[in-house]
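Subject: Structure handover and notes

Hello,

Please have it open while you read.

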Amino acid sequence: MINHSVFFKLKFPKGSSEEKIFLNAASKLSTISVVKNFLVLDETSPKNEYEYGLKMEFESQEAYDAYNDHPHHSLFLKMYWDDYVDKFLEIDYKVIDLQ
């Protein structure tokens with residue numbers, strides 16, 4: 001299982017119409033068939049500069065690669081990412097089996 005998370009700060013203030021447009025567009029990534037357990041997150045701690053997050057899981061590296069190459073994902077990046085996102089941190093990880 002691969003966990004994919006991206007935390008970000010938008011160029012627009014919380015509560016703005018741009019925020020709503022971006023988050024609604026991002027939520028449609030959940031319709032890509034290989035995406036599992038999709039979440040849109042709102043940061044609650046003042047300890048970091050990121051205000052939002054997207055989290056999802058993939059069954060395998062192949063599923064993750066399919067997501068990255070999917071036309072809906074590519075279109076989302078092209079139409080929204082650079083114009084709406086001020087800064088971001090992307091983290092991809094697997095759970096460590098300690099047994």
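E49 counts as partly exposed, with a relative accessibility of 44%. The model is a predicted one, and every value in this email is computed from it. E49 forms a salt bridge with K87, and the closest N and O atoms of the two are 3.0 Å apart. K87 is also partly exposed, at 30% relative accessibility. E49 sits in the loop between β2 and β3 while K87 belongs to strand β4, so this pair ties together parts that are 38 residues apart in sequence.

The structure holds four salt bridges. Another of them joins the side chains of K9 and E51, at 3.2 Å from N to O. Here K9 is in strand β1 and E51 is in the loop between β2 and β3, so the link is between parts 42 residues apart in sequence. K9 is partly exposed, with 25% relative accessibility. A further salt bridge is formed by E57 and K55, with 3.5 Å between the closest N and O atoms. Both E57 and K55 are buried. As background, side chains of opposite charge can pair when their charged atoms come close.

Now the sheet. It is open and has four strands, in the order β2-β3-β1-β4, with antiparallel pairing. β2 and β4 are the edge strands, each of them pairing on one side only. On average, neighbouring strands of this sheet are turned by 15° against each other, direction ignored. Helix α3, residues 71-84, packs on the sheet and touches β1 and β4. The direction of α3 makes about 115° with that of β4. In general, the strands of a sheet pair through backbone hydrogen bonds, in a parallel or an antiparallel way.

Strand β3 covers residues 52-58, and seven of its seven residues are buried, so β3 is largely enclosed by the rest of the structure. What covers which face? Strand β1 (residues 2-10) runs antiparallel to β3 and is joined to β3 by seven bridges. Strand β2 (residues 36-42) pairs with β3 over five bridges, again in the antiparallel sense. L54 of β3 is the bridge partner of V6, and L54 is also the bridge partner of V40. E57 of β3 is the bridge partner of N3.

Some single residues are worth a look while you have the model open.

Helix α3 includes H73. H73 has a relative accessible area of 9%, so this residue is buried. Leaving aside neighbours within four places in sequence, H73 is in contact with L29, I32, Y67 and N68. M79 is found in helix α3 as well. M79 is partly exposed, with a relative accessible area of 44%. The C-alpha atom of M79 is separated by 16 Å from that of F8, and the two residues are 71 apart along the chain.

Strand β2 contains N37. What is the phi of N37, which is not a glycine? The phi of N37 is positive, at about 50°. Most residues other than glycine have a negative phi. N37 counts as exposed, with 51% relative accessibility; the cut-off for exposed is over 50%.

L89, I91 and Y93 make a nonpolar patch of about 230 Å². Y93 is found in strand β4, which covers residues 85-93. The relative accessibility of Y93 is 33%, so Y93 counts as partly exposed.

Regards

Note on methods
Residues numbered from 1 in each chain as written. Predicted model: local features only at pLDDT ≥ 70, side-chain atom pairs only at ≥ 80, totals over all residues. Heavy atoms only, no water. Buried < 20%, exposed > 50% of the residue type's maximum accessible area, 1.4 Å probe, protein only. Helix = DSSP H or I, 4+ residues; strand = E, 2+ residues; numbered from the N terminus. Pairing = 2+ DSSP bridges. Patch = residues over 30% accessible without salt bridge, like charges linked within 9 Å, V, L, I, M, F, W, Y side chains within 5 Å. Areas by Shrake-Rupley, 256 points an atom, 1.4 Å probe, with all protein chains shown as cover. Axes fitted to C-alpha atoms, helices over the stretch in contact; angles between N-to-C directions. Contact = heavy atoms within 4.5 Å.
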